[in-house]
Amino acid sequence: MFEALAAKPPDALLGLIKAHSSDPRAHRIDLGVGVYRDADGNTPVLKAVKAAERILHDTQDSKKYLGPEGDAGFSGLLQPIIFGDMRRFEGRMAALQTPGGTGALRLGAELLRAARPGATARVGAPTWPNHAPIFASAGLAVEAHTFADLKSQTVDFDGVRAGLAAAAPGDVVLLHGCCHNPTGIDFSRDQWREIIDIVKSQRLIPFIDLAYQGLGDGLEEDAWATRLVLDSVDEALVAYSCDKNFGLYRDRVGALYVLTRGPAETATVASNVAWLARVAWSMPPDHGAAVTRIVLERPDLTAMWREELDAMRARINGNRAALAAADPALAFVEAQRGLFSNLFMTKAQAVGLRERHAIYCTDSGRINLAGMQPADAGPIVAALRAEGCLAAADAA
Ligand SMILES: Cc1ncc(COP(=O)(O)O)c(C=O)c1O
């Protein structure tokens with residue numbers, strides 16, 4: 001039977017990680033990885049998380065099933081952090097814990113497919129490579145429009161307008177809430193307002209992916225767009241991940257929030273997402289969500305987490321400033337946000353960076369700003385120049 005299957009290509013990022021770790025050159029720099037790294041190149045467990053894990057270890061007296069909604073304390077305590085004053089959404093929001101942001105995206109896509117089988121998901125390109133496959137696997141049609149121009153490192157707003165103009169009522173628009181992956185290019189506030197106008201006039205459903213809250217400009221600032229969208233529309237979905245801002249990656253911590261028109265719909269949506277979760281993974285893994293809940297229940301641990309998050313953000317933005325200061329052609333990097341920027345380069349140039357300079361980024365030119373030290377800015381710029389990767393930026 002299995003002879004009918006064709007092999008899937010190996011995960012390019014895993015190959016990159018392996019190639020970097022087996023590279024004997026001492027000066028190697030890993031800008032390819034998709035996680036936060038501290039100044040020592042580690043991705044440590046946060047102190048607030050460690051403290052919460054100790055509390056969980058000492059106090060948890062049962063591991064009996066929780067149910068498909070997962071830890072309601074977890075998804076509830078996150079709500080004010082994401083959405084602000086929850087009285088605005090009284091009776092209008094269904095919440096469910098999911099295995100990471102990925103699980104939330106998948107479950108949301110399945111809910112949309114069940115609610116509106118003919119809907120198309122509209123995604124701006126480039127985007128996180130998993131977005132289109134997740135929506136397609138859930139049975140939605142997927143259409144991509146241009147989101148950003150990497151040569152000029154700006155939003156291609158005409159491309160976005162054209163993509164949304166082609167959408168039919170009830171189509172889904174995937175929007176990165178902040179810290180766009182892979183470009184680091186977020187919409188301006190005016191662009192968000194225009195997108196909301198289009199979404200309302202075309203009667204589209206916004207599906208916000210918020211995977212990096214706090215890693216851009218701050219917890220409140222990074223939630224600005226999500227809050228504005230939810231304040232402006234009747235129905236929306238938010239896929240949230242705690243895997244980056246709590247450093248919990250492998251523990252798979254996320255939540256799906258669905259905004260509805262009122263309590264009756266909320267109850268129906270809640271029962272539908274619970275059913276979809278039940279037939280997909282029955283219930284989400286508990287540990288990471290329980291730990292996050294404990295961090296958010298205890299003011300001392302919440303303060304500790306916020307400090308650690310501030311430090312992560314300061315390091316990323318400090319590296320952005322260092323790279324921008326090292327060459328005027330990279331000035332755009334400073335204004336971008338989140339872990340990533342996407343330099344304009346060919347695959348041959350990315351390979352050249354690896355082979356001749358021991359600098360690792362994806363073949364598409366995505367760099368992780370947390371993978372470098374400020375002192376690496378000089379060697380990175382020299383390598384980019386040697387491989388001709390800054391020609392487009394010079395010309396812009
Ligand atoms: C934009 C975006 N959305 C969602 C996710 C998924 O996050 P998680 O690891 O919580 O599934 C990622 C992870 O890299 C991401 O970059």
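Helices (H or I, at least four residues) and strands (E, at least two) are DSSP runs, numbered from the N terminus. The model shown here is predicted, so local features need pLDDT of at least 70 and side-chain atom pairs count only at pLDDT 80 or more, while totals for chains, interfaces and linings use all residues. Residue numbers start from 1 along each chain, as its sequence is written.

**View 1**

**View 2. Helix 10 meets helix 11.** The axes of helix 10 (residues 287-297) and helix 11 (residues 299-326) come within 5 Å and cross at roughly 105 degrees. Helix 10 is therefore roughly perpendicular to helix 11. Angles of 65 to 115 degrees get that name, those under 35 count as roughly parallel, those over 145 as roughly antiparallel, and the rest as oblique. Each axis is a line fitted to C-alpha atoms, for helices over the stretch in contact, and angles between N-to-C directions run from 0 to 180 degrees. Ile294, Val295 and Leu296 of helix 10 make the contact with Leu301, Thr302 and Trp305 of helix 11. Contact means C-beta atoms, placed from the backbone, within 7 Å. Five of these residues are nonpolar, one is polar and none is charged.

**View 3. Helix 2 alongside helix 11.** Helix 2 (residues 47-59) and helix 11 have axes that come within 8 Å and cross at roughly 150 degrees. The two helices are therefore roughly antiparallel to each other. On helix 2, Lys47, Ala48, Ala51 and Ala52 meet Leu301, Met304, Trp305 and Glu308 of helix 11. This contact has six nonpolar, no polar and two charged residues.

**View 4. Where the two domains touch.** The domain assignment, automatic or from a database, gives domain 1 (8-44 + 301-395) and domain 2 (50-297). Their centres, taken over C-alpha atoms, are 26 Å apart. In all, 21 residues of domain 1 are in contact with 27 residues of domain 2. On the domain 1 side, helix 11 and strand 11 (340-342) each supply at least two residues. Helix 11 brings the largest share, seven residues. This side divides into twelve nonpolar, six polar and three charged residues.

Conventions
Contact = placed C-beta atoms within 7 Å. Nonpolar A, V, L, I, M, F, W, Y, C, P; charged D, E, K, R; others polar.
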